[in-house]
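Please look over the sequence and the model before reading on.

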Amino acid sequence: MLPPVDEEQLAESPFTALGLGRPIVEAVLQKGYSQPSSIQQQCIPAVLAGRDVMAAAQTGTGKTAGFTLPMLERLRHGPHARGRIVRSLVLTPTRELAAQVADNVKAYSRHLDLRSDVVFGGVKINPQITRLQAGADVLVATPGRLMDLVQQGAISLDRVEILVLDEADRMLDMGFIRDIQKILRLLPAKRQNLLFSATFETSIRRLATGLLHEPVQLQVTPENRTAATVEHILHPCDMARKPDLLCHLIASNDWQQVLVFSRTKHGANRVADRLSAEGMAAAAIHGNKSQGARTRALAGFKSGELRVLVATDIAARGIDIHQLPHVVNLDLPNQAEDYVHRIGRTGRAGHSGHAVSLVAAEEHELLRAIERLTGKKLPKQEIPGFEPTVLSAPPLDLSGGRGRSSRGGGGNRGVGNRGGVSRSGRPAARSSSRRP
Ligand code: AMP
């Protein structure tokens with residue numbers, strides 16, 4: 001049952017003042033939002049005015065509502081979708097993010113007669129083709145499956161009024177640029193474009209230049225800063241002891257909902273198995289898991305059935321769990337910006353969060369890169385019984401002969417099992433936990 005909303009609440013809501021109509025504000029109030037977030041305050045009027053937008057905004061800022069609410073407001077006034085027509089297209093890098101954005105669209109449009117849908121790969125295409133025969137006012141999609149649907153003639157994109165590229169930086173990282181370019185060629189020239197990205201590197205700027213027309217530029221959390229409400233801590237430890245330390249931290253602190261990041265799919269599986277063996281309900285999500293398994297794990301984690309979710313960066317991208325209290329970096333990420341993305345999952349929308357990194361000597365260079373990027377030194381705390389014995393070691397070989405664009409789902413590139421120099425000067429024990 002949704003909470004009732006009275007006329008006064010509607011009239012006085014700051015969302016009404018931003019220019020949103022009654023059915024949308026009602027849905028927003030029923031979601032429990034009373035104040036628009038900073039990105040929403042900036043983005044909603046710009047989109048309603050029909051402007052293109054280029055926004056530097058990470059997950060956790062309320063960006064989804066920032067583009068969805070004004071998009072729905074515009075769509076509700078035009079002729080609705082029919083016969084394979086798509087009126088607004090939201091592209092996202094991952095299936096999880098697509099599903100999440102689509103859930104938001106459904107919630108915000110619950111009092112509108114707009115048709116929204118979501119399509120991504122890893123599930124059967126035929127039901128999607130059947131559903132899309134009626135068209136979609138809002139279609140949320142991952143680029144690969146969208147192209148498949150276009151090629152099969154299931155949808156036509158030549159009537160798209162609004163295009164949203166969500167987490168565009170990650171789409172480029174994942175190698176979707178060709179698909180995106182193909183999709184852009186299918187869209188009508190006259191349309192509104194909204195581009196959201198956590199960072200604005202050269203490749204994104206290049207994409208933006210060809211795509212956006214005199215965009216309004218917005219920035220919320222200043223680039224490369226993590227949310228101020230997050231408490232960061234670093235526990236030095238040996239590579240081989242990380243799984244033990246993780247179990248110890250979760251059990252001794254009685255953490256109940258923990259998102260753990262692993263650099264590799266294999267590492268994610270091993271740690272999830274280990275936690276389960278210790279009696280803590282845990283699951284791993286990464287690119288080698290079926291879509292069904294990923295969706296189940298995420299749902300279990302959200303509902304509290306699973307206490308620990310172990311994820312690779314790509315699989316975790318965009319996961320939205322309200323007030324996620326603990327994020328643990330079992331490994332530091334290969335790319336310093338991913339630290340910011342990972343930590344973006346805790347301390348969200350003003351709630352305090354806790355970000356823990358387990359750091360071995362092999363990762364000291366990665367740590368320095370993170371500290372340079374965030375402009376902060378992570379406070380260090382040794383945990384009794386887990387003090388590192390390896391104090392210096394050659395850095396991890398992260399290249400693995402592959403480029404950045406092949407980061408999808410992690411990959412077994414971490415080579416944690418190389419020797420180091422121990423306190424006693426002897427070569428350190430090799431990591432058993434991270435052997436490929
Ligand atoms: P997003 O950055 O779009 O992934 O949103 C992050 C989280 O903030 C989601 O759980 C939203 O439901 C929530 N949220 C979005 N807008 C608001 C708002 N105005 N007030 C409170 N929470 C919000």
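## Strands 3 and 4

In this predicted model, strand 3 and strand 4 (residues 136-141) are joined by 4 bridges and pair in the parallel sense. Across this pairing, V119 stands opposite A141 in strand 4. Helix 7 (residues 126-132) belongs with these two strands: strand 3, helix 7 and strand 4 form a β-α-β unit that is right-handed.

What is the order of the strands in the open sheet? The sheet has 7 strands with parallel pairing, and their order is 3-4-2-5-6-1-7. Strand 3 (116-119) and strand 7 (216-219) are its edge strands, each pairing on one side only. On average, neighbouring strands of the sheet are turned by 15 degrees against each other, with direction ignored.

Strand 5 (residues 162-165) and strand 6 (residues 192-197) run parallel and are joined by 4 bridges. Within this pair, V164 stands opposite L194 in strand 6. Helix 11 (residues 202-211) packs on the sheet, where it touches strand 1 (53-56), strand 5 and strand 6. The direction of helix 11 makes about 170 degrees with that of strand 6.

## Helix 10

Which residues of helix 10 (residues 177-186) are buried? They are D179, I180, I183 and L184. These residues lie on the same side of helix 10 because they cover an arc of only 135 degrees around the axis. An α-helix has 3.6 residues a turn, so residues three or four places apart point the same way.

The face of helix 10 turned away from the buried side carries R178 and R185, which are exposed. The buried residues of helix 10 pack against two strands of the sheet, strand 2 (86-91) and strand 5, and against helix 8 (143-151), helix 9 (168-173) and helix 11.

## Nonpolar cores

In soluble globular proteins, nonpolar side chains tend to be buried together. The largest nonpolar core of this model has 42 residues. Among its members, V53, L69 and F196 touch the most others.

Which residues does L69 touch, leaving aside those up to four places away in sequence? The contacts of L69 are F15, L20, I24, V28, I44 and Y108.

Methods:
Residues are numbered from 1 along each chain as its sequence is written. This is a predicted model: local features need pLDDT of at least 70, side-chain atom pairs count only at pLDDT 80 or more; totals for chains, interfaces and linings use all residues. Side-chain values use heavy atoms; hydrogens and water are left out. A nonpolar core is a set of buried Ala, Val, Leu, Ile, Met, Phe, Trp, Tyr and Cys residues joined through side-chain atoms within 4.5 Å. Buried means under 20% relative accessible area, exposed over 50%, partly exposed in between (1.4 Å probe, protein chains only). Contact means heavy atoms within 4.5 Å. Two strands pair if DSSP finds at least two bridges between them. Axes are lines fitted to C-alpha atoms, for helices over the stretch in contact, and angles run from 0 to 180 degrees between N-to-C directions. The arc is that of the directions from the helix axis to the C-beta atoms. A crossover is right-handed if, with the strands pointing away from the viewer, the path from the first strand over the helix to the second runs clockwise.
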